Amino acid sequence: MPPTSEQDEHPAGDTETASAAPDPPLRLALSAQWVSPSIARDAVRRWLRAHRWSPEGIDELVLAISEAVTNSIEHGYGVLPDRAGEPAGHPGIVELAGRVVPAADGRRAEFTISDQGRWLNPAGVPGGRGHGLTIIRACAEEVRVSGGASGTTVFLRSRPGPRRW
Amino acid sequence: MDGSQLLQVATERNGSAVIVRVEGEVDMNTVTAFSGALTQACDLVTAPMRVVADLTGVTFLSSAGLTALLEIHSRCRHQGTPLSVEVTHPTVRRALEITGVDQILDLRRH
């Protein structure tokens, strides 16, 4: 299904030779509200299922991405945990992008979760919040967190997924 | 959307236990209700009664939920009322294992 009409496809895939991948990338713009992690989880689960990812592999990535989106909302945009019913804690957007890349020992799913909020050093996060990063790191083959004045981006690459498309 | 739609909590007394049954997803959207129900159960029990967190209907448990469980755990410990936690869903079990919280809680896997 070639993306003939959509304007926002192939955000991260443009460095590769367009191999007519049967693999539409995942693109989501989430508002900085507490319903967003749940929306991200559903979308990632559906997307990975469509790519024949294993149930265990899906569980791990859903856990990791949910925590990364949560960190963006909580730490990037400073939305408080008890503001569930309020329409919007912050006008900011959390962008979630995913793509599947080929590899000899099994495909990988790569995700970026980006916000334009304030940078917060993960090491400076107090108390039980540390569980979030523990989960993100444990659920991926590689995790990179980069940040600055313009926001924070978390990149994560899955463990080997299914070999066949 | 209101967080309460994504989580259902019911508390009941059964003999010497206060059972908190939770269904849905525990994350930042719902953790206040989750934590509140468990705290209330803690308030209801006196030793040697116990608290059972029946999370068999929970399909997702985030780090915020793990932190809430650990807080209730230490509170129950402090007042001498055992807490046990029942889980079934693989995603929930995985979150507990990855963080080592499964080693701290009295976990019953179904």
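A: This is a predicted model. In chain B, the lowest confidence falls in strand β5 (residues 106-109) of chain B, with a mean of 92, and the highest in strand β4 (residues 83-87) of chain B, at 98. Chain B as a whole has a mean pLDDT of 93, with 95% of its residues at 70 or more. For the model, ipTM is 0.91 and pTM is 0.85.

The sheet in question belongs to chain A. Five strands make up an open sheet in chain A, in the order β1-β2-β3-β5-β4, and their pairing is antiparallel. At the edges are β1 (26-31) and β4 (142-148) of chain A, each of which pairs on one side only. On average, neighbouring strands of this sheet are turned by 10° against each other, direction ignored.

Inside that order, strand β2 (residues 93-101) of chain A pairs with strand β3 (residues 108-115) of chain A in the antiparallel sense, over eight bridges. Val101(A) has Arg108(A) in β3(A) as its bridge partner.

Two helices lie across these strands. Helix α2 (residues 55-76) of chain A lies across β1, β2, β3 and β5 (151-157) of chain A, at about 10° to β3(A).

As for the other chain, 23 residues of chain B are in contact with 25 residues of chain A. On the chain B side, α1 (31-44), α2 (63-79) and α3 (90-98) of chain B each contribute at least two residues. The residues of that side comprise eleven nonpolar, eight polar and four charged.

Conventions
Residues are numbered from 1 along each chain as its sequence is written. Chains are lettered from A and ligands numbered from 1 in the order in which they are written. This is a predicted model: local features need pLDDT of at least 70, side-chain atom pairs count only at pLDDT 80 or more; totals for chains, interfaces and linings use all residues. pLDDT is the predictor's confidence in each residue, from 0 to 100. Helices (H or I, at least four residues) and strands (E, at least two) are DSSP runs, numbered from the N terminus. Two residues are in contact if their C-beta atoms, placed from the backbone, lie within 7 Å. Ala, Val, Leu, Ile, Met, Phe, Trp, Tyr, Cys and Pro count as nonpolar, Asp, Glu, Lys and Arg as charged, and the others, Gly among them, as polar. Two strands pair if DSSP finds at least two bridges between them. Axes are lines fitted to C-alpha atoms, for helices over the stretch in contact, and angles run from 0 to 180 degrees between N-to-C directions.
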